[in-house]
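Please walk me through this structure, one region at a time.

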Amino acid sequence: MLKLIILFLLVSISVCEVCDVSIDITNGTLLRNGDIVHNDFKYTKNEYFKRGNSIRGCICNKKRCLLKCCPFGYGYDMRLKECVATSRAFEPPVYDNYANLQNIKITEYFHFNFSKPRCATDEIRVEIKQVFTDIHLTKVSW
């Protein structure tokens, strides 16, 4: 019986949080059908969940999510193995299907999560200098 209760709790916890990456959308507008509009994105009932007193929306269903080692305004120092303040702006080139998009805010197209990556088999780690020379980000319509 105890195993059944523990299994039920584990299933309940995993079902309640419907995504790995979420943002607080508590201040969004609740629509009659149960959807929530927050920052011009509509989250359907299966794209948000409640955690404590907040409502969390699955942002990666709305924007392409990327992992950045350090918060904006910081860069990763390989020698110190930590984030250090930098005056250099984080402005990697962003392309649409044809050309480099000029004068855009990268956060309009991408959502950034900040932590040191642990790459799985289908992921790669890219140093920022590679982004500026070899690799670029591509804007994709949802």
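Start at Ile23. Leaving aside neighbours within four places in sequence, Ile23 is in contact with His38, Tyr43, Ile55, Arg56, Gly57, Ile59 and His111. Contact here means heavy atoms within 4.5 Å. This is a predicted model: local features need pLDDT of at least 70, side-chain atom pairs count only at pLDDT 80 or more, and totals for chains, interfaces and linings use all residues. Residues are numbered from 1 along each chain as its sequence is written, and side-chain values use heavy atoms, with hydrogens and water left out.

Ile23 sits in strand S1 (residues 23–24). Strands (E, at least two residues) and helices (H or I, at least four) are DSSP runs, numbered from the N terminus. One of the contacts of Ile23 reaches across the sequence: Gly57 is 34 residues apart from Ile23 along the chain, and their C-alpha atoms are separated by 5.4 Å.

Is Ile23 buried or exposed? Ile23 counts as buried because its relative accessibility is 17%. The cut-offs are under 20% relative accessible area for buried, over 50% for exposed, and in between for partly exposed (1.4 Å probe, protein chains only).

Ile23 also belongs to the largest nonpolar core, which has six residues. A nonpolar core is a set of buried Ala, Val, Leu, Ile, Met, Phe, Trp, Tyr and Cys residues joined through side-chain atoms within 4.5 Å. In soluble globular proteins, nonpolar side chains tend to be buried together.

Now turn to charge. How many salt bridges does a search of the whole structure find? The search finds two. A salt bridge is a side-chain nitrogen of Lys or Arg within 4 Å of a carboxyl oxygen of Asp or Glu. In one, Lys62 pairs with Glu47, with the closest N and O atoms 2.8 Å apart. This pair links distant parts of the chain, 15 residues apart: Lys62 is in the loop between strand S6 (54–57) and strand S7 (64–68), and Glu47 is in the loop between strand S4 (41–43) and strand S5 (48–51). Both Lys62 and Glu47 are buried.

Asp77 and Arg79 form a salt bridge too, their closest N and O atoms being 4.0 Å apart. Asp77 counts as buried, at 19% relative accessibility. Arg79 is exposed, because its relative accessible area is 68%.

Lys63 lies in the loop between S6 and S7. Lys63 is buried yet has no salt bridge; Glu108, the nearest side chain of opposite charge, is 8.3 Å away. For charge, Lys and Arg count as positive and Asp and Glu as negative, while His and the chain ends are not counted. A polar atom of the Lys63 side chain lies 2.5 Å from the backbone oxygen of Thr107.

Rings of Phe, Tyr and Trp (its six-membered ring) pair if their centres lie within 6.5 Å; planes under 30 degrees apart are stacked, over 60 edge-to-face, and the rest tilted. Among them is the tilted pair of Phe72 and Phe90, 5.9 Å centre to centre with 40 degrees between the planes. Phe72 is partly exposed, at 38% relative accessible area. Phe72 also forms an edge-to-face pair with Phe112, at 5.4 Å centre to centre and 80 degrees between the planes. Phe112 is in strand S12 (residues 110–114) and Phe72 in the loop between S7 and S8, so this pair ties together parts 40 residues apart in sequence. Ring pairs link Phe72, Phe90, Phe112 and Phe114 into a cluster.

Notes:
A polar contact is a pair of N or O atoms within 3.5 Å; within protein, one must be able to donate a hydrogen and the other to accept it, and residues adjacent in sequence count only if both atoms are side-chain atoms.
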